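Let's take a guided walk through a protein model. Have a look at the chain below, and then we'll go through it piece by piece.

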Amino acid sequence: MPQSLIQRTVNTFIKGLITEASELTFPENASVDELNCALERDGTRRRRKALTLEENYVLSDVTVPQGALVNTLDWYNVAGQPNLEFLVVQVNNILYFYEKSADPLSANKYADTVNLNSHSASNNLSPSDERIQVTSLNGALIVASPAINTFFVEFDTVAQTFSETTIAFKERDFEWQGSDVEVTSEYFENDSSPSSERTYDAKNVGWGQGGGPSIFTLPLTHAWYAGKDANGAFNQTDWNEIYSGSSLAANGHFVVDVFNKVRSGLTTEVETARFRTVAAYAGRVFYAGIDSAKNGGKVYFSRLTERLADVGNCFQVYDPTSEIISDLLDTDGGVVSIPDAHNIRKLHVIGASLLVFAENGVWAVAGVDNVFRATEYAITRISDTGLTNENSFVVADGLPVWWSKTGIYAIQQGESLNVPTAQNLSLSTIQTFWNSIPNEKKAQIHVEYDKVNQRVLWFYPDADETIEYKYNNILVMDLALQAFYPWKIADQETDTSYVIGTSYYAGLGSTSTETQVVNGADTIVNGADNVIATLYRDYLQGDSEIKVLVRDGATGKMTFATFRGDSYLDWGDADYQSFAEAGYDFMGDMTTFKTAPYITTYMRVTEDGYTVSGAGYEFINPSSCLMSVSWNLSKANSTPREIYKLKDVPVVDPDDLGSFNYPTDTIVTKSKVRGRGRSMKLRFESATGKDFHLVGYEVLGGKNNTY
């Protein structure tokens, strides 16, 4: 009985890796398994380039111990210069600074450093074991972690040095110390010896302050000046005639230290925990993440910051107990209380809102008209899914993405009432893959966002890796395609280098020089006034890309590397495998047996010239791709065969080795395939040291007309 022919074309690979589908429900344009490939926007699939050290790289003078905690962050608008950006590298307790202005980045490290031990909070945490979080404001860098007293760093552009200032956090004391009975009961009218708590409360309401009465035995239901007579003196009879019920008078006369509340006559209240996270928002600085039962749900905010001295002033300027001006101002500092937020991990600004990420959910803090004021703001819970590791959090083109306890989540605009909601991105795509990553390795994760290519890259160690913070695995999410795919960095045979951090490198920075300018000229005219102008020189000397911070295997020193290597050998000598397995193809039904006499593949030409090799020539950036097939849902594949076959190779022009004048841009290969079965699955894989760029393929299948 003759077969009926089936023709099927696959020309896009836009869905990436899918682990959440069975053989019978597997979607088109996705891969069953893959490694070290990249999805291109045109629907093609290409082998990733090798990880290689920067051109003209420099080894730093810093030796990084194996397994050291390394953290990389960005400092924007350094010293008020709009295009001056620093990479901040935390190695245990020391901060190092690189200027991101020119290639190679590894050559731009400043000699001056910051020692976190100088700011130790003297609690049970070590600055070497806690990652810092930072924000930029008015040219300074504000630094926080649970192990340190929050401080800010300033950069001296002339001396090329860094200075540090510890922030003193102040708030008004709105906490009543006495019991409800002590505060409100008229019993105290005849009590000649009130408790220390009751006495403090009276003073904090304004009694005995600024010329007021020194009577601390009256109930604190209204202000003392409510009983002033015509002469301005306190009259208890007049005061008693004012009915206030059980409401309390305004308190908060005293301004106290957030972490060391000294109250006259009472035991000092000490908070040993410190802020974990910090963010600049609405012209202020917000702080949160105190890991304590009492203060864990509080978000402190400074007053509207006009000078750096204000960044710790989290209180109302006017005394709320004042007889004259007690108003809360729009520009004041204060505290946002979110009592149901547990273990706040991250603050981040999105549009007109400040997002508060805790382990048990996400909240948005915003002004009621999108302008935050101390006098009016709204708190909205937008997700019950929280953030377990702040180092997995990234904002990709305005989309907050993070790892929770149950998967990879993103905040997306809701369908009703424009309320944002958290969506699980991994649940229908790579949940099984994500679940296979051990929790202890997820805890060491680091994330970077490639703004140009719109790709999120999560770096994490192997499941069996013994060295902490050795990032040899990368999970990539293409934001535009909404697709995931994994990479794995190969180790060298001995003393391997490895990734310890990352940085998005825009290739743009600035430096400044001072020059004397007179009438637009750079010369000084005798007798003329000299005008000093600061000139900013823009740099555009490096392509936008992700640069990775590397611990050199031979020396332990820091340097940088990129995914640019055309040798397709990580570190120049470590082979890595690239492959992609297409989905299960039943060619129309799941019952009949099929064959695929011919498969036509389309590969992009990658060669772009020649190099001299002995008496002959070799291709620059050669390609190779091996294809194999498995039938009937079998895990066994056929013998791989080469599908990248150059034809009509042009004659080498010794005077123009930089050109490869191939007659077409695409290599078309028609391959015979043996075997038969109800389903077919194709595998495409790399050859050592060579590229491949798969455009698509076409299957000419044959189907039996009987079962």
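Is Asp491 buried, partly exposed or exposed? At 37% relative accessibility, Asp491 counts as partly exposed. Here, buried means under 20% relative accessible area, exposed means over 50%, and partly exposed is in between, using a 1.4 Å probe and protein chains only.

Before going on, a word on what you're looking at. This is a predicted model, in which local features need pLDDT of at least 70 and side-chain atom pairs count only at pLDDT 80 or more, while totals for chains, interfaces and linings use all residues. Residues are numbered from 1 along each chain as its sequence is written, and side-chain values use heavy atoms, with hydrogens and water left out.

**The big picture**

The protein chain has five helices and 51 strands. Those are DSSP runs numbered from the N terminus: helices are H or I with at least four residues, and strands are E with at least two. Along the principal axes, the C-alpha atoms fill a box of roughly 115 × 85 × 45 Å. Of the 707 residues, 52% count as buried. The chain exposes about 31100 Å², and carbon and sulfur atoms supply 47% of that. Accessible areas like this come from the Shrake-Rupley method with a 1.4 Å probe; for residues, only the protein chains shown count as cover. As for contacts (heavy atoms within 4.5 Å), look at those between residues at least 6 apart in sequence: 62% of them join residues at least 24 apart.

**Salt bridges**

Side chains of opposite charge can pair when their charged atoms come close. A salt bridge is a side-chain nitrogen of Lys or Arg within 4 Å of a carboxyl oxygen of Asp or Glu, and a search of the whole structure finds 38 of them. Here are some, with the N to O distance:

| Arg373 | Asp330 | 3.8 Å |

Lys470 is buried, with a relative accessible area of 4%. Arg373 sits in the loop between strand E25 (361-366) and strand E26 (378-383), and Asp330 in the loop between strand E21 (298-301) and strand E22 (334-337), so this pair ties together parts that are 43 residues apart in sequence. Asp330 is partly exposed, at 37% relative accessible area. Lys594 and Asp589 are both buried. There's also a network of salt bridges linking Asp173, Glu175, Arg263, Glu269 and Lys294.

**Strands side by side**

Strand E51 (residues 693-703) pairs in the antiparallel sense with strand E5 (residues 45-47) over two bridges. It takes at least two DSSP bridges for two strands to count as a pair. In that pairing, Arg45 stands opposite Leu694. Strand E43 (residues 594-604) also pairs with E51 in the antiparallel sense, over eight bridges, and there Thr595 has Gly702 as its bridge partner.

**Around strand E3**

Ser31 is found in strand E3 (residues 30-35) and is buried, with a relative accessible area of 1%. Its side chain makes a polar contact of 2.6 Å with that of Glu34. (A polar contact is a pair of N or O atoms within 3.5 Å; within protein, one must be able to donate a hydrogen and the other to accept it, and residues adjacent in sequence count only if both atoms are side-chain atoms.) Leaving out residues up to four places away in sequence, Ser31 touches several others, including Phe26, Arg45 and Glu581. Val32 is in strand E3 too. Val32 and Leu682 are 650 residues apart in sequence, yet 10.0 Å apart in space, C-alpha to C-alpha.

Most residues other than glycine have a negative phi, and most peptide bonds are trans. Asn29 has a positive phi, near 65°, and lies in the loop between strand E2 (16-17) and E3. Gln160 has a positive phi as well, near 60°. A cis peptide bond joins Asp103 and Pro104, with omega about -10°.
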